[in-house]
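This report describes selected features of the two-chain model shown below.

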Amino acid sequence: MKTPRRERREKLPSPSSPAPDPGSAKGDPERLYVITGGPDGGERAALDLVTMVVACSTPSPTVQPEQAAILRLCRAPLSVAEISAYLRLPFSVVTSLLTDLLATELVESRAPIVRAVLPDRSLLEAVMHGLQRL
Amino acid sequence: MDFKGSDTITGPRTEDVLPSTATAAVKVVIVGGFGVGKTTMVGAVSEIRPLTTEETMTQASIGVDDNSRIEGKTATTVAMDFGRISISEQLILYLFGTPGQERFWFLWNGLFEGALGAVVLVDTRRLEVSFDVIGRLEERGVPFVVAVNTFPDAPSHPMEALRHALDLPDEVPMVNCDARLRASSRDVLLTLMNYLHALALQRS
């Protein structure tokens, strides 16, 4: 083959915090929206793309329109990614809105099953069985 | 922000609404160069029409024109298509097709760290565009399989030659696939799950 050959790489020593500081190097991108609901710019909730969200109540007239839309969408469980897609809002904006809704207990969230806690063979077997039915 | 108000929001179609028991989610990332077929593969196996989530980022401009020099930064939208497979009443598998450039990955919290594993989709006409992606996954310790999307006009190479060019260890599974076909794309995901299962067995 004429293509150049790749060189294998080693796993880096600190896999738990591999994300580079987005502001560390010149030219690296930054999120445009780093808005938070808190008055003093508090932390956003740790939400994954596939954190499942479900509403605990129907929207009251006092919530913002975006948050009311989330409460209506999440009458059945929905991932953060799907909320972002249906509302056509960036992921970071949705996590910010959800941080407020979680703090006021208007929604509940369920964190995804991630690889770090994985070595659960029964989970993988369940996924395999599900795929075989496709 | 261009939120249009709740009147224009279209939620999931009735048949796409998840049962209230669906509270456990896992994700798999399909990664590869532009035009390699990521979204095609997501669409082939997804039970919903693929959706798009996006993130908007700013980037220091590199003096492209006078306007950008004044602004200093430009806003760019990075989009990711994704789909969904209901594994059971409780468990949902999400599939994300993501651009190969690592500098975009941090935009979504734990995109790879939280994933069960990854599928690297490659096109034999442009093998080298996947070199960096594979290296990044190795560095992060993300388990992956390599799926060779068989485009009709792409040169056909023996799998061993591709494995050599990609410098993949023997244990990393490689499969041919046609990303347009549900059965073929499903088999790629099954290859990944079998590999993850074997890794889990090794650890125990």
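## Strand 1 of chain B and its partners

Strand 1 of chain B and strand 5 (residues 117-122) of chain B pair in the parallel sense, over four bridges. Strands (E, at least two residues) and helices (H or I, at least four residues) are DSSP runs, numbered from the N terminus, and two strands pair if DSSP finds at least two bridges between them. Val29(B) lies opposite Ala118(B) of strand 5 of chain B. Strand 1 of chain B also runs parallel to strand 4 (residues 91-99) of chain B, to which nine bridges join it; there, Ala24(B) has Leu91(B) as its bridge partner.

The model is predicted: local features need pLDDT of at least 70, side-chain atom pairs count only at pLDDT 80 or more, and totals for chains, interfaces and linings use all residues. Residues are numbered from 1 along each chain as its sequence is written, while chains are lettered from A and ligands numbered from 1 in the order in which they are written.

## Burial and the nonpolar core

Strand 1 of chain B is largely enclosed by the rest of the structure, because nine of its nine residues are buried. A residue is buried if 20 or more other C-beta atoms lie within 10 Å of its own, exposed if 12 or fewer, and partly exposed in between, with C-beta atoms placed from the backbone. Ala24(B), Val26(B), Val28(B), Ile30(B) and Gly32(B) point one way from the strand, whereas Ala25(B), Lys27(B), Val29(B) and Val31(B) point the other way; all are buried.

The largest nonpolar core has 90 residues, of which Val28(B), Ile30(B), Ala118(B), Val119(B) and Val120(B) touch the most other members. Strand 1 (residues 24-32) of chain B gives the largest share of this core, seven residues. A nonpolar core is a set of buried Ala, Val, Leu, Ile, Met, Phe, Trp, Tyr and Cys residues joined through C-beta atoms within 7 Å. In soluble globular proteins, nonpolar side chains tend to be buried together. Beyond its neighbours within four places in sequence, Val120(B) is in contact with Val31(B), Gly32(B), Ser130(B), Val133(B), Ile134(B), Phe144(B) and Val146(B); contact requires that the C-beta atoms of two residues, placed from the backbone, lie within 7 Å.

## Helix crossing in chain B

The axes of helix 1 (residues 38-45) and helix 5 (residues 182-203) of chain B come within 8 Å and cross at roughly 100 degrees. This makes helix 1 of chain B roughly perpendicular to helix 5 of chain B, a term covering angles of 65 to 115 degrees. Axes are lines fitted to C-alpha atoms, for helices over the stretch in contact, and angles run from 0 to 180 degrees between N-to-C directions.

Helix 1 of chain B makes this contact through Met41(B), Ala44(B) and Val45(B), and helix 5 of chain B through Arg182(B), Ser185(B), Arg186(B) and Leu189(B). By class, four of the residues are nonpolar, one is polar and two are charged. Here Ala, Val, Leu, Ile, Met, Phe, Trp, Tyr, Cys and Pro count as nonpolar, Asp, Glu, Lys and Arg as charged, and the others, Gly among them, as polar.

An open sheet of three strands in chain A has the order 3-2-4, with antiparallel pairing. Strand 3 (78-79) and strand 4 (107-110) of chain A stand at the edges, each with a single partner strand, so one side of each is left without a neighbour in the sheet. Strand 2 (residues 52-55) and strand 3 of chain A are joined over two bridges in the antiparallel sense, and Met52(A) is placed opposite Ser79(A) of strand 3.

Helix 2 (residues 80-87) of chain A is mostly covered, with seven of its eight residues buried; Glu82(A) and Ser84(A) are among them.

## Positive phi values

Most residues other than glycine have a negative phi. Just after helix 2 of chain A, Arg88(A) takes a positive phi of about 55 degrees. Arg88(A) lies in the loop between helix 2 and helix 3 of chain A and is partly exposed, with 15 other C-beta atoms within 10 Å.

Asp167(B) likewise has a positive phi, near 50 degrees. Asp167(B) is in the loop between helix 4 (159-166) and strand 7 (174-177) of chain B.

## Contact between the chains

Chain A gives 65 residues to the contact and chain B gives 72. Helix 4 of chain A supplies the largest share of the side of chain A that touches chain B, seven residues. By class, that side has 42 nonpolar, six polar and 17 charged residues.

Methods:
Angles under 35 degrees count as roughly parallel, over 145 as roughly antiparallel, 65 to 115 as roughly perpendicular and the rest as oblique.
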